[in-house]
Amino acid sequence: MTDNTLLSVEDVAVDLPTPRGNLRAVDRVNLTLGAGQTLGVVGESGCGKTMLSRAILQLLPRKAKLSGRVMFDGQDLLQLSPEKLRKLRGRSLAVVFQDPMTSLNPVLTIGTQLIETLQEHLELDDATATRRSIELLAAVGIPAPEQRLAQYPHQLSGGMRQRVAIAIALSCEPKLLIADEPTTALDVTIQAQILDLLAREQRRRHMAMIIITHDLGVVAGRTDEVAVMYAGRVVERAPTPALFKKMRMPYTEALLAALPRLDAAPHTPLPAISGRPPDPTRPLQGCSFSPRCRYAVARCQTEKPALQAAETSAHQFACFHPIETHAEAGA
Amino acid sequence: MATLELTIDEGVAAQPAKRGRRLGLLFWLAIGWMIFMFAVAILAPVLPLPSPTDMDMLERRAPFSMEHWLGTDGLGRDELSRLIHGARISLVVGLCAPIIGLTLGGALGMLAGYFRGRFESLVVGSMDVLLAFPPLILALAVTAFLGQSILNLTFILGVLGIPAFMRVARAATLTLARREFVIAAQALGATHARILLRELLPNVILPLFAFFLLAVAVTIVVEGALSFLGLGVPPPISSWGTMIGEGRESLDVAPRLAFLPAAAMFLTVLSFNLVGDTLRALTDPRQGAL
């Protein structure tokens with residue numbers, strides 16, 4: 001760990017009490033993120049990606065129990081007083097949510113929402129705040145920003161709304177931006193624009209970013225490191241180039257195989273991962289991916305694999321039968 | 001190859017979605033009546049009207065005339081003047097009482113819906129207790145105990161309105177507090193007060209205001225009922241309810257003495273209901289869509 005570390009998530013676990021029993025949404029996750037770095041968190045629905053981001057922000061549902069340590073910029077967020085935490089959010093930590101339809105207040109104008117955020121944290125006067133809002137809207141690629149200030153969210157398209165949400169998140173120059181599936185609710189052409197915008201603003205402001213997505217394609221060219229999550233655990237973690245060069249975890253391979261390919265012949269069936277993620281209220285004794293894994297053997301059902309290093313210590317995976325071994329065994 | 005016909009019929013395209021057209025004539029008639037009622041009630045002291053309390057025993061139950069446009073009542077008082085001064089009482093009580101309910105009930109409901117937990121149980125529980133009282137009986141008991149005055153009447157009608165406003169505000173807050181923009185506001189470091197006042201209140205105020213107009217209508221009727229029973233404003237001040245009550249004695253001789261204030265009350269209550277309903281219909285689908 002270097003001094004450059006901005007965020008470190010240590011042994012974080014989130015438990016949600018449900019009528020059917022305790023649900024472990026996030027299971028002892030460890031992550032680190034340096035200033036200006038980008039981390040991609042990938043996994044299918046319900047694997048704990050969003051809960052992890054909420055745990056970092058300390059915005060978990062009221063009944064959720066959080067354990068572990070979240071160090072941000074030298075402070076333990078779990079020990080921080082609500083008031084200090086509140087000042088940190090928005091100022092140093094910002095989020096862009098999945099659905100811009102619901103993450104903007106429907107009855108307030110774009111201008112009100114932007115200007116108030118600016119004034120809340122930076123104590124600007126009205127004129128300065130208005131000017132900065134216009135600059136921000138222009139920076140995120142919104143045409144005619146002066147006129148947009150007086151408009152309501154429903155007057156903008158989905159892509160525009162997400163740009164506004166990004167502008168609000170960027171307004172106070174945060175050190176860390178968490179983008180929770182920022183493009184899932186948008187169509188494909190807009191997706192690329194929004195991702196490019198995020199990457200551009202990140203470089204310009206030298207902020208760290210966590211992109212949460214279920215799409216390996218999204219993280220491929222835009223992140224420094226990728227963490228693949230399954231059933232609340234990080235099952236593979238590697239620098240992005242290393243991961244795509246040589247993935248070790250069968251789940252990562254299956255996720256990648258499930259991406260539609262441009263070079264595939266028309267009408268090629270898309271390989272889906274069969275079955276469903278395990279019921280999180282009934283944790284499996286062994287590897288949680290074993291029921292769906294095509295390499296699974298008896299040992300996988302009785303013992304949980306721990307994260308272990310591959311060639312480099314930066315590349316870690318949790319599997320007894322990493323993909324390469326199979327290739328060698330077959331050769 | 002077939003081409004997709006994308007031209008829209010010009011007549012359709014040229015028609016802008018005008019809000020005024022959708023509201024309908026009835027809505028504007030109701031608004032017109034309300035404005036007229038308010039104007040007359042506010043301007044009552046400056047209008048060239050005879051005093052509503054001066055009796056003229058020689059002209060009891062006089063028919064319509066140039067001197068008394070709507071005739072006189074059983075004690076020879078000018079009916080039109082009493083009607084207009086009665087509107088002042090009915091409207092003041094009808095507006096002020098729901099404002100009490102709107103403020104207190106709305107605040108309690110939003111706090112309960114936002115903070116949940118024990119506070120919510122306490123608020124909902126105490127409101128259920130208040131709802132369990134028969135409202136008219138409670139109003140009767142309080143006015144009988146504290147004495148008849150406009151202030152007491154407004155106060156008790158206002159308190160009786162709190163549970164309903166609380167429920168409307170709480171229901172709206174419950175659904176809104178789970179929306180992502182509230183979490184987004186928290187993620188931006190907003191305080192609870194800011195979330196309640198700036199994020200939730202502008203959303204909750206729409207259904208609350210629509211309900212407020214309906215509550216005004218109900219309150220005017222309840223005030224009328226209390227006055228009819230002789231427990232509203234003390235005589236000789238006129239209110240519509242009192243006038244109907246007094247007119248009851250001469251229903252066979254001069255039925256207009258009861259029907260004129262009844263018609264005024266009917267039209268006013270209908271107007272408030274119509275406007276309230278229209279506004280509710282306007283705000284409801286938008287709430288669902290967003």
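Over how many bridges do strand S4 (residues 65–72) of chain A and S5(A) pair in the antiparallel sense? They pair over 2 bridges.

Before going on: this is a predicted model, where local features need pLDDT of at least 70, side-chain atom pairs count only at pLDDT 80 or more, and totals for chains, interfaces and linings use all residues. Residues are numbered from 1 along each chain as its sequence is written, with chains lettered from A and ligands numbered from 1 in the order in which they are written.

Helices (H or I, at least four residues) and strands (E, at least two) are DSSP runs, numbered from the N terminus; strands pair if DSSP finds at least two bridges between them. In S5(A), Asp76(A) is the bridge partner of Met71(A). The open sheet has 4 strands, ordered S2-S1-S4-S5 (chain A), with antiparallel pairing. S2 (21–34) and S5 (75–76) of chain A are at the edges with a single partner strand each, so one side of each lacks a neighbour in the sheet.

Now the contact between chains, where two residues touch if their C-beta atoms, placed from the backbone, lie within 7 Å. Chain B gives 16 residues and chain A gives 24 residues. On the side of chain B, helix H7 (180–187) and helix H8 (192–228) each give two or more residues, and H7(B) gives the most, with 6 residues.

Last, Phe115(B), in helix H3 (residues 79–115) of chain B. Its C-alpha is 10.0 Å from that of Thr173(B), 58 residues away in sequence.
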